[in-house]
Amino acid sequence: INEASRQWATRPSDQRFTTLEDLLHYKSTQRELSSTIDIDPGKLPIRSKGDPARGELAVGMKQGDAFFTNWSFGQLCGLAGAPASYLRTLPSPMTKDLLDYGLKFGDRAEQDKGVRFLVTGEPDNRTARAFTSQTYGRIWDSEVVDTVVELNNRQEGRWKVPLASYTSQDPLRATTLYASDRDVFMFLVDPDRPVDGGGPNDQLFRGFIVSNSEVGAATFTLLTFLYRYVCDNRIIWGTKDISQLTIRHS
């Protein structure tokens with residue numbers, strides 16, 4: 001299982017958390033500052049802000065303009081039937097006009113579904129985080145983390161970040177708890193209750209990975225397994241009895 005290693009190798013420091021409680025606080029705060037708006041895509045109030053050559057695009061709102069993330073801009077371009085990579089090279093007024101046209105006169109089947117717009121932040125610092133159809137069934141990242149915290153508290157803290165040789169010197173690098181404005185990823189193990197592996201001195205341990213994206217970047221996934229050891233680079237070795245549950249956001 002290499003996904004935990006990929007996460008470990010690519011996550012910046014501001015997406016790393018050393019405790020479940022810190023991770024839950026981050027995701028709960030994000031949700032508390034979030035709201036959703038259902039709107040006809042042709043009526044989405046897109047604005048061009050600042051210098052036309054270098055300006056930004058935003059969704060105009062009474063409570064304050066909401067600026068795009070890289071992810072949400074790509075989602076909106078998809079709804080408009082426009083190539084995001086090309087639109088990112090154009091002046092913002094031209095991009096606004098092309099998005100307006102695509103959202104008003106694009107794929108009728110998609111337009112009829114409407115747009116569910118997720119915005120997060122205070123009035124003077126708002127971010128447009130996601131544009132999905134109104135049939136999208138959101139699983140909040142905070143709900144996923146809260147469930148893991150509740151489970152771990154009920155089981156007296158048995159689930160832990162796997163140890164690495166450098167854990168005490170650099171716990172942020174060693175962690176396997178990650179989150180961004182786009183997703184959450186947790187890899188935890190039970191190192192104190194080994195299972196007989198069937199051979200002499202052969203021990204297996206329980207582990208699980210759970211991940212989710214409340215903005216539509218990925219499905220909810222729960223992966224459970226037995227394993228023999230975890231490398232410092234978070235590759236999981238000797239896995240068996242792997243089970244996976246995947247839930248689409250629909």
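Visitor: What kind of model is it, and how are residues numbered?
Guide: It is a predicted model: local features need pLDDT of at least 70, side-chain atom pairs count only at pLDDT 80 or more, and totals for chains, interfaces and linings use all residues. Residues are numbered from 1 along each chain as its sequence is written, and side-chain values use heavy atoms, with hydrogens and water left out.

Visitor: How many helices and strands are in the protein chain?
Guide: The protein chain has 8 helices and 14 strands. Both are DSSP runs numbered from the N terminus: helices are H or I with at least four residues, strands are E with at least two.

Visitor: What box do the C-alpha atoms fill?
Guide: Roughly 70 × 40 × 35 Å, taken along the principal axes.

Visitor: How much of the chain is buried?
Guide: Buried residues are 46% of the 250 residues. Buried means under 20% relative accessible area, exposed over 50%, and partly exposed in between, with a 1.4 Å probe and protein chains only.

Visitor: Now the sheet. In what order do the strands come?
Guide: The order is 2-6-7-5-4-3. These 6 strands form an open sheet with mixed pairing. Two strands pair if DSSP finds at least two bridges between them.

Visitor: Which are the edge strands?
Guide: Strand 2 (34-39) and strand 3 (46-49), each pairing on one side only. Neighbouring strands of this sheet are turned by 40 degrees against each other on average, direction ignored. Axes here are lines fitted to C-alpha atoms, for helices over the stretch in contact, and angles run from 0 to 180 degrees between N-to-C directions.

Visitor: How many bridges join strand 2 to strand 6?
Guide: There are 6, and the two strands run antiparallel. Strand 6 covers residues 115-122. Its Val115 is the bridge partner of Ile39.

Visitor: Where does helix 3 lie?
Guide: Helix 3 (residues 70-80) lies across strands 3, 4 (56-59), 5 (66-68), 6 and 7 (125-133). It runs at about 40 degrees to strand 7.

Visitor: What about Thr69, buried or exposed?
Guide: Thr69 counts as buried, because its relative accessibility is 15%. Thr69 is in the loop between strand 5 and helix 3.

Visitor: Which residues does Thr69 touch?
Guide: Thr127, Ala128, Arg129 and Asp181, leaving out residues up to four places away in sequence. Contact means heavy atoms within 4.5 Å.

Visitor: New topic. How much space lies in the largest pocket?
Guide: About 320 Å³. A pocket is an open set of points on a 1 Å grid over the protein atoms alone, where a 1.4 Å probe fits, with protein on both sides within 12 Å along at least five of seven lines; lining residues have an atom within 4 Å of a point. The volume is the space filled by probe spheres set on the points, which are joined across faces, edges and corners.

Visitor: Which lining residues are closest to its centre?
Guide: Of the 16 lining residues, they are Thr132, Ser133, Tyr136, Gly216 and His249. Strand 7 gives the largest share of the lining, 3 residues.

Visitor: Last one: what is the phi of Glu156?
Guide: Glu156 has a positive phi of about 60 degrees, although it is not a glycine. Glu156 is exposed, at 73% relative accessible area.

Visitor: And Arg234, buried or exposed?
Guide: Arg234 is buried, at 0%. Its phi is also positive, near 70 degrees. Arg234 sits in the loop between strand 12 (229-230) and strand 13 (236-237).
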